[in-house]
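Hello,

Here is the structure for your files. My notes follow below it.

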Amino acid sequence: MKTSFIQMFRVIFCFLITYFSIGNVLAASTEKTELIIGLGNFEPLFSEPDKAALFKDLIDGVFSYLPQYQLSYRYMLSNGRLEQALAEKQLDGAANIFRSPTASTCLTKPFFRFTDVAVSKKDKVISMKQVSQLANYSVVSYQNATTLLGDEYRNIVSHNQRYQEVSRPEQQALLLSQGLVDVSIGDKYIFLYSLKQLSKKATSVNEFDFHYIFPAGYTSMGFSRPSLCVQVNDAIDQFISSGGYEAVYQKHLITLGYDTQPLIAPQ
């Protein structure tokens, strides 16, 4: 009887050891690795933690294919601060990186899409199909546009005495909506967001024409480890193939009141 009791105790003891060992292994296997990701500071592509943001939604969509990671965001950082913090490894990753990576960082494939357009009021009846036509109009654009929009743009506007650049996108929307300029140049989403901020007077997106005279521009995510770039590139491919990538862009257009307009540039 004593021998049977000892054998039973050994069986129960072995079972408990095995049970808790398996439990520990499963817990370890499901534990997520935290990644600290830096985000930019211009709306609606980025925003404060409690507000919707286009580029953050894109990142969330990509990392839905990398469930082993838990993202912890650092919000509203300037581009310069993002690049510095990434290089100094204060961040594991950063959004919207333009420049080539340093020796200690890497960039993913181009992912964040900017859609710079020329915008005019419908009552001006402006038809525009190429950059050279900007020479015929008064134009407002964002700071450093001549650096980002290419040589042709820079050459055209440098000879246009009615060209100006302003520091805030709300100024562009205001100048255009009040008829003080003929054309505003900038990202479509930023313009639509700025238009919604003009709360003094209800202004509809249907009052404006969008002229697709620029090719789309792209930036990347930067990471402190090359292995992360490899994993994120694979996840980007899956996200795009699923249709989720374009769905995020469409959702934000509709949120900004653009649902009555074509969702893509005319071919």
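Helix α7 (residues 188-196) is mostly covered, with 8 of its 9 residues buried (under 20% relative accessible area, 1.4 Å probe, protein chains only). Those buried are Lys188, Tyr189, Ile190, Phe191, Leu192, Tyr193, Ser194 and Leu195. Their cover includes α2, α6 (169-177), α9 and the strands β6 (116-121), β9 (183-187) and β10 (208-211). Asp187 caps the N-terminal end of α7. One of its side-chain oxygens lies 3.0 Å from the backbone nitrogen of Tyr189.

This is a predicted model: local features need pLDDT of at least 70, side-chain atom pairs count only at pLDDT 80 or more, and totals for chains, interfaces and linings use all residues. Residues are numbered from 1 along each chain as its sequence is written, and side-chain values use heavy atoms, leaving out hydrogens and water.

Next, a helix pair. Helix α2 (residues 54-63) packs against helix α9 (residues 244-255) at about 155 degrees, axes 10 Å apart. That makes the two roughly antiparallel (angles over 145 degrees). Their crossing is right-handed. From α2, the contact (heavy atoms within 4.5 Å) uses Leu54, Phe55, Asp57 and Leu58. From α9 come Tyr245, Val248, Tyr249, Lys251 and His252.

Last, Asp92. This residue sits in the loop between α3 (79-87) and β3 (93-97). Asp92 is buried, at 18% relative accessible area. A polar atom of its side chain lies 2.8 Å from the backbone nitrogen of Ile36. Beyond four places in sequence, Asp92 touches residues including Glu34, Leu35, Leu86, Phe223 and Arg225.

Best wishes

Notes. Axes are lines fitted to C-alpha atoms, for helices over the stretch in contact, and angles run from 0 to 180 degrees between N-to-C directions. Helices (H or I, at least four residues) and strands (E, at least two) are DSSP runs, numbered from the N terminus. Angles under 35 degrees count as roughly parallel, over 145 as roughly antiparallel, 65 to 115 as roughly perpendicular and the rest as oblique. A crossing is left-handed if the near helix is turned anticlockwise from the far one by less than a right angle, and right-handed if clockwise. Buried means under 20% relative accessible area, exposed over 50%, partly exposed in between (1.4 Å probe, protein chains only). A polar contact is a pair of N or O atoms within 3.5 Å; within protein, one must be able to donate a hydrogen and the other to accept it, and residues adjacent in sequence count only if both atoms are side-chain atoms.
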